[in-house]
Amino acid sequence: MATDVKKETGIEFSQDLLDHIEQWREKPGNLIMILHRVQQEFGYIPREAAKKVAKLLNVPLAKIYGVITFYHYFKLTKPGKYNIQVCMGTACYLKGGEDILEELEKILGIGVNQVTDDGQFSIEAVRCVGACGLAPVTIVGEDVFGKLTKDRLPEILSKFQDK
Ligand code: FES
């Protein structure tokens with residue numbers, strides 16, 4: 001069955017992901033758990049992946065999109081190679097998180113939830129990332145930058161820019 005679904009949807013899931021889907025197939029809350037794992041595998045939820053999950057679980061595609069659009073956590077567009085998460089939690093906001101966000105938008109020429117033309121960076125505004133003592137906090141890829149000031153941004157971005 002998996003092979004037929006692959007042919008129809010044109011996207012391949014890892015065996016790990018297929019096993020995860022099997023494991024959650026009949027359990028309550030399974031859509032969230034499965035889509036979470038899809039996003040881990042692709043970095044977002046590609047449309048073809050949503051279609052494939054719908055077919056594998058035999059649920060309407062609209063139901064899948066209902067879940068994806070309800071939870072901000074799920075992304076519908078492919079993030080940049082380095083996703084930049086600017087914390088907009090209360091502590092960070094009060095310490096200038098918005099300035100960081102505006103400066104990033106200015107430097108990269110993109111807005112929140114957009115990707116630079118070269119696919120290198122995307123910007124995301126996120127809720128508290130749990131490091132309030134370091135406010136304002138921004139995470140670039142996997143690296144956390146605390147007590148950030150906007151004048152440090154060009155130097156930080158240049159470290160992540162492919163030469
Ligand atoms: S508010 Fe930004 S880390 Fe908590």
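I began with helix α3 (residues 30–42) and helix α5 (residues 61–70), which pack at an angle of about 75° with their axes 10 Å apart. My axes are lines fitted to C-alpha atoms, for helices over the stretch in contact, and angles run from 0 to 180 degrees between N-to-C directions. The pair α3 and α5 is therefore roughly perpendicular; the label covers 65 to 115 degrees, while angles under 35 count as roughly parallel, over 145 as roughly antiparallel and the rest as oblique. On the α3 side I found Leu31, Ile32 and Leu35 making the contact, and on the α5 side Ile64, Val67 and Ile68. Contact here means C-beta atoms, placed from the backbone, within 7 Å of each other.

**Ground rules**

I am working with a predicted model, where local features need pLDDT of at least 70, side-chain atom pairs count only at pLDDT 80 or more, and totals for chains, interfaces and linings use all residues. Residue numbers start from 1 along each chain as its sequence is written.

**Whole chain**

I counted eight helices and four strands in the chain. Helices (H or I, at least four residues) and strands (E, at least two) are DSSP runs, numbered from the N terminus. From the N terminus on, I read the elements as α-α-α-α-α-β-α-α-β-β-β-α. The C-alpha trace spans about 55 × 35 × 25 Å along its principal axes.

Of the 163 residues, 23% are buried. I call a residue buried if 20 or more other C-beta atoms lie within 10 Å of its own, exposed if 12 or fewer, and partly exposed in between, with C-beta atoms placed from the backbone. Among contacts in the chain with a separation of 6 or more, 60% come from residues 24 or more positions apart.

**Helix α4**

Which residues of helix α4 are buried? In α4 (residues 47–57) I list Ala49, Ala50, Lys52 and Val53. They cover an arc of only 160° around the axis, so they sit on the same side of α4. That arc is taken over the directions from the helix axis to the C-beta atoms. Just after α4, I noted that Asn58 has a positive phi of about 60°.

**The sheet**

Next I traced an open sheet of four strands, with mixed pairing and the order β2-β1-β3-β4. The edges are β2 (121–126) and β4 (143–145), each with a single partner strand, so one side of each has no neighbour in the sheet. From one strand to the next the twist averages 20°. I count two strands as paired if DSSP finds at least two bridges between them.

I then went through the pairings:

- β1 and β2 pair in the parallel sense over six bridges, and Asn83 has Ser122 as its bridge partner in β2.
- β1 and β3 pair in the antiparallel sense over three bridges, with Val86 opposite Thr138 in β3.
- β3 (residues 138–140) and β4 run antiparallel and are joined by three bridges; the bridge partner of Thr138 in β4 is Phe145.

Helix α7 packs on the sheet, touching β1 (82–87), β2 and β3, and its direction makes about 150° with that of β1. I checked β1 for burial too, and five of its six residues are buried.

**Two residues up close**

I picked Ile123, which lies in strand β2. Is Ile123 buried or exposed? It counts as buried because it has 22 C-beta neighbours inside 10 Å. Setting aside neighbours within four places in sequence, I find Ile123 in contact with Ile84, Val86, Leu104, Glu105, Leu108, Ile110, Val112 and Gln114. Ile123 and Phe13 are 110 residues apart in sequence and 27 Å apart in space, C-alpha to C-alpha.

My other pick, Lys95, is in the loop between α6 (90–94) and α7 (97–108). With 19 C-beta neighbours inside 10 Å, Lys95 counts as partly exposed. Which residues does Lys95 contact, leaving aside its neighbours within four places in sequence? I found Ala135 and Pro136. Pro154 is 59 residues from Lys95 along the chain, and their C-alpha atoms are separated by 19 Å.

How values were computed: Two residues are in contact if their C-beta atoms, placed from the backbone, lie within 7 Å.
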